[in-house]
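Dear colleague,

Please find below the structure that I am handing over to you. My notes on it follow, arranged by topic.

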Amino acid sequence: MSSSTDLARHSAVFQPGDPPRSGQIAFLDPEGDGQVTVAEELDGRIVTRSAPATLVPVAQAVAALARARMDAHAHPAARFWGAAALVALQLVTRGRILPGVTAGEHDSWRAGPLDADDLRRVRELAAAMPAAARAIPSP
């Protein structure tokens with residue numbers, strides 16, 4: 001597997017899991033040993049294709065993504081997920097998490113309660129999300 005610094009130079013997309021703690025970051029790496037389906041715009045249409053990827057559990061990817069935020073050589077999608085990880089970590093450190101249960105009946109945590117500043121930051125982050133960072137099609 002490539003080093004985390006090298007991985008941050010590739011587009012990164014979040015692959016959710018159920019339970020959420022099983023989610024992964026898929027770095028679209030030509031030398032990756034996994035495969036993911038990505039959605040891309042081609043000639044004004046959205047098409048899907050299979051892409052090689054290095055799949056990294058979120059817990060292991062956080063440090064690399066956090067460094068990617070400030071790395072001029074990192075892919076914009078990796079920088080975005082680094083910013084998202086930072087916002088999530090800040091919410092956790094401020095106790096802004098609530099227990100929950102997933103659709104698959106797994107225990108999980110979700111963000112909340114959010115104050116006006118939290119909501120503003122999350123909305124700004126969502127508005128800044130590059131298309132490559134959300135390239136995994138919904139099932």
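**Strand pairing**

Strands S3 (residues 34-42) and S4 run antiparallel and are joined by nine bridges. Please keep in mind throughout that this is a predicted model. Within this pair, Gly 34 has Ala 53 of S4 as its bridge partner. S3 and S4 form a hairpin with two residues between them, and in the turn Asp 43 has a positive phi of about 55°.

S4, which covers residues 45-57, also pairs with S2 in the antiparallel sense, here over four bridges. In this second pairing, Ile 25 stands opposite Val 56 of S4.

Is Ile 46 buried or exposed? Ile 46, which belongs to strand S4, counts as exposed because its relative accessibility is 63%, and the cut-off for that class is over 50%. Leaving out residues up to four places away in sequence, Ile 46 touches Ala 39, Glu 40 and Glu 41. Val 122 is 76 residues away from Ile 46 along the chain, and the C-alpha atoms of the two are separated by 26 Å.

**Nonpolar cores**

The largest nonpolar core holds 20 residues, of which Phe 27, Leu 65, Phe 80 and Trp 81 touch the most other members. At least two residues of this core come from each of strand S2 (24-27), helix H2 (58-68) and helix H3 (76-93). H3 supplies the largest share, seven residues. Another core, of eight residues, lies apart from this one and includes Ala 26, Leu 28, Ala 51 and Ala 53.

**The largest pocket**

The largest pocket has a volume of about 1200 Å³. Which residues of its lining lie nearest its centre? They are Phe 14, Val 58, Ala 84, Ala 88 and Trp 109, out of 31 lining residues. Two or more lining residues come from each of H2, H3, strand S6 (107-111) and helix H4 (116-127). H3 gives the most to this lining, with nine residues. Sorted by class, the lining of the largest pocket consists of 26 nonpolar, two polar and three charged residues.

With kind regards

Terms used
Residues numbered from 1 in each chain as written. Predicted model: local features only at pLDDT ≥ 70, side-chain atom pairs only at ≥ 80, totals over all residues. Heavy atoms only, no water. Core = buried A, V, L, I, M, F, W, Y, C linked by side-chain atoms within 4.5 Å. Buried < 20%, exposed > 50% of the residue type's maximum accessible area, 1.4 Å probe, protein only. Pairing = 2+ DSSP bridges. 1 Å grid on protein atoms, 1.4 Å probe; cavity = no way out; pocket = protein on both sides within 12 Å on 5 of 7 lines; lining within 4 Å. Points joined across faces, edges and corners; volume = space filled by probe spheres on them. Nonpolar A, V, L, I, M, F, W, Y, C, P; charged D, E, K, R; others polar. Contact = heavy atoms within 4.5 Å.
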